[in-house]
Amino acid sequence: VQLVESGGGLVQAGGSLRLSCAASGSIFSINRMGWYRQAPGAQRELVGDVTSGGSTNYADSVKGRFTISRDNAKNTVYLQMNSLKPEDTAVYYCNADVILRNIGSRVNYWGQGTQVTVSS
C-alpha cells in the first residue's frame, strides 16, 4: 500500500492550499484517514482526521481554517487549508488505517510528506 501526497508549496499568509493523499495497493477498505504535520525541531502532531463515515476531528490550532474531506471511492483524503499562518509551516503527512485485501489485517501507513511553507 502506498500513500502519495500532493499539493504542498509556498503561499503567503492568508492564502490557501489544498493537499491530496491517494492510497493505492491491496486495499479492502480504509477506516480512519488523517493529516499530521511536523515543523522543524518539533514533534509530529495531528492536524485532523476523518472516519470512513465522514466524522471529523481537528486540532484546536486549525479549527475554522482547515477542512478535511475524503472520497471513499478513490481512497483519497483532502486537506483544504485557508487563512494560512506562518506557524502552519511544516511537512504535512498523510496517515491511514488500512484493512488489507485477502489478508484482512489492519495496518497503519504513512505518506512521504509534503512541504507547506507560509511566508509572512
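Me: A polar contact is a pair of N or O atoms within 3.5 Å; within protein, one atom must be able to donate a hydrogen and the other to accept it, and residues adjacent in sequence count only if both atoms are side-chain atoms. What makes the link between the side chains of R32 and N95 a polar contact?

Reply: The distance is 3.1 Å. The cut-off is 3.5 Å, so the pair qualifies as a polar contact.

Me: What kind of model is this, and how are residues numbered?

Reply: The model is predicted: local features need pLDDT of at least 70, side-chain atom pairs count only at pLDDT 80 or more, and totals for chains, interfaces and linings use all residues. Numbering starts from 1 along each chain as its sequence is written, and side-chain values use heavy atoms, with hydrogens and water left out.

Me: How many helices and strands does the protein have?

Reply: Zero helices and eleven strands. Both are DSSP runs, numbered from the N terminus: helices are H or I with at least four residues, strands are E with at least two. From the N terminus on, the elements run β-β-β-β-β-β-β-β-β-β-β.

Me: Is R32 buried or exposed, and how do you know?

Reply: R32 is buried, with a relative accessible area of 19%. Buried means under 20%, exposed over 50%, and partly exposed in between (1.4 Å probe, protein chains only). The value of 19% is under 20%, so R32 falls in the buried class. R32 sits in strand β4, residues 27-38.

Me: Which residues does R32 touch, beyond those up to four places away in sequence?

Reply: L46, D49, V50, T51, R70, N95, A96 and D97. Contact here means heavy atoms within 4.5 Å.

Me: W35 is found in strand β4 too. Is W35 buried or exposed?

Reply: Buried: its relative accessible area is 0%. W35 and K74 are 39 residues apart in sequence, and their C-alpha atoms are 17 Å apart.

Me: What makes the backbone of N75 and of S83 worth a look?

Reply: N75 has a positive phi of about 50 degrees although it is not a glycine. S83 also has a positive phi of about 50 degrees, and S83 is not a glycine either. S83 lies in the loop between β8 and β9. At 41% relative accessible area, S83 is partly exposed.

Me: D88 is in the loop between β8 (76-81) and β9 (90-100). Is D88 buried or exposed?

Reply: Its relative accessible area is 0%, under the limit, so D88 is buried.

Me: What joins the side chain of D88 to that of R37?

Reply: A polar contact of 2.9 Å. That distance is within the cut-off, so the name applies. Leaving aside neighbours within four places in sequence, D88 is in contact with R37, R65, F66, S83, V116 and V118.

Me: Why does V118 count as buried?

Reply: V118 has 5% relative accessibility, under the limit, so it counts as buried. It is found in strand β11, residues 114-119. Beyond residues up to four places away in sequence, V118 touches V11, Q12, A13, L84, K85, P86, D88 and T89.

Me: Where is V77, and which residues surround it?

Reply: V77 is in strand β8. Its contacts, leaving aside neighbours within four places in sequence, are L19, S20, C21, M33, W35, V50, I68, S69, R70 and C94. V77 is buried, at 0% relative accessible area.

Me: How many of the residues count as buried overall?

Reply: Of the 120 residues, 42% count as buried. Among contacts between residues at least 6 apart in sequence, 55% join residues at least 24 apart.
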